[in-house]
Amino acid sequence: QKVLISLKNHLPKSLFIKLRKGYYFTLNRLHPRITESEFRQFLTGRLGVRKGSVVFIHSSVDKLFPGFPIYDLLPILKDLAGPEGTLLFPASHFNIRAEEFLNKPNAVFDVKRSVTVRGLLPEMARMDENACRSLHPTNSVVAIGRYAEELTRDHQDTIYPLGEKSPFY
């Protein structure tokens, strides 16, 4: 990981991206796969996820090394948190600085249709029929579960994306 950070500072961006993809591809091939049972045990044992938990999930599916179908990740998380729990995911929809996005003449944020660029798991959550997405135009959050609406409701009312009315708070 330290080597990647060093390379990022010394290589052209396009070359660094290719090398990073190759690194993670190789790591993915060499790393042992985690079973669904091991994944559940890690979430409950090491991370303390229980029925009724409120969990903010910011992860990379590429670094989980699941030995089970990726589309099972969200159902597993929902099952562990249960109907009393709430899952939250970052769901911003652009990969540039917020100022750059907001200065674009065609900058549009459609809370129902704008795809998140924060990964496969947040995108699966966004498409869930019970998902609530905050209306914040640059740092939206998608939530599923008991407190989903409550945690996302006032996000757009803060001038700071991570302020007191933010689900990040």
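Q: What should I know before I start?
A: Residues are numbered from 1 along each chain as its sequence is written, and side-chain values use heavy atoms, with hydrogens and water left out. Because the model is predicted, local features need pLDDT of at least 70 and side-chain atom pairs count only at pLDDT 80 or more, while totals for chains, interfaces and linings use all residues.

Q: How many helices and strands are there in the protein chain?
A: Helices (H or I, at least four residues) and strands (E, at least two) are DSSP runs, numbered from the N terminus. Here the protein chain has 7 helices and 4 strands. Along the sequence they follow the pattern α-α-α-β-α-β-α-α-β-β-α.

Q: What share of the residues counts as buried?
A: A residue is buried under 20% relative accessible area, exposed over 50%, and partly exposed in between (1.4 Å probe, protein chains only). Of the 169 residues of this protein chain, 34% are buried.

Q: Why is helix α6 described as largely enclosed by the rest of the structure?
A: Look at residues 120-127: 6 of the 8 residues of α6 are buried, so the rest of the structure largely encloses this helix. The buried ones are L121, P122, E123, M124, A125 and R126.

Q: What covers the buried residues of α6?
A: The cover includes helix α4 (73-81) and the strands β2 (86-90), β3 (132-133) and β4 (141-145).

Q: How many aromatic pairs does a search of the whole structure find?
A: A pair of aromatic rings is described by the distance of the centres and the angle of the planes. Rings of Phe, Tyr and Trp (its six-membered ring) pair if their centres lie within 6.5 Å; planes under 30 degrees apart count as stacked, over 60 as edge-to-face and the rest as tilted. The search finds 2 aromatic pairs here. One of them joins F39 and F68, with 5.7 Å centre to centre and 45° between the planes, a tilted pair.

Q: Which parts does the pair of F39 and F68 tie together?
A: F39 belongs to helix α3 (residues 36-46) and F68 to the loop between β1 (54-56) and α4, so the pair ties together parts 29 residues apart in sequence. F39 is buried, at 6% relative accessible area, and F68 is buried too, at 11%.

Q: What about the rings of F56 and F168?
A: Their centres are 5.1 Å apart and their planes at 40°, so this pair is tilted. It links distant parts of the chain, with F56 in strand β1 and F168 in the segment after α7 (148-152), 112 residues apart. F56 is partly exposed at 31% relative accessibility, and F168 is partly exposed with a relative accessible area of 31%.

Conventions:
Contact means heavy atoms within 4.5 Å.
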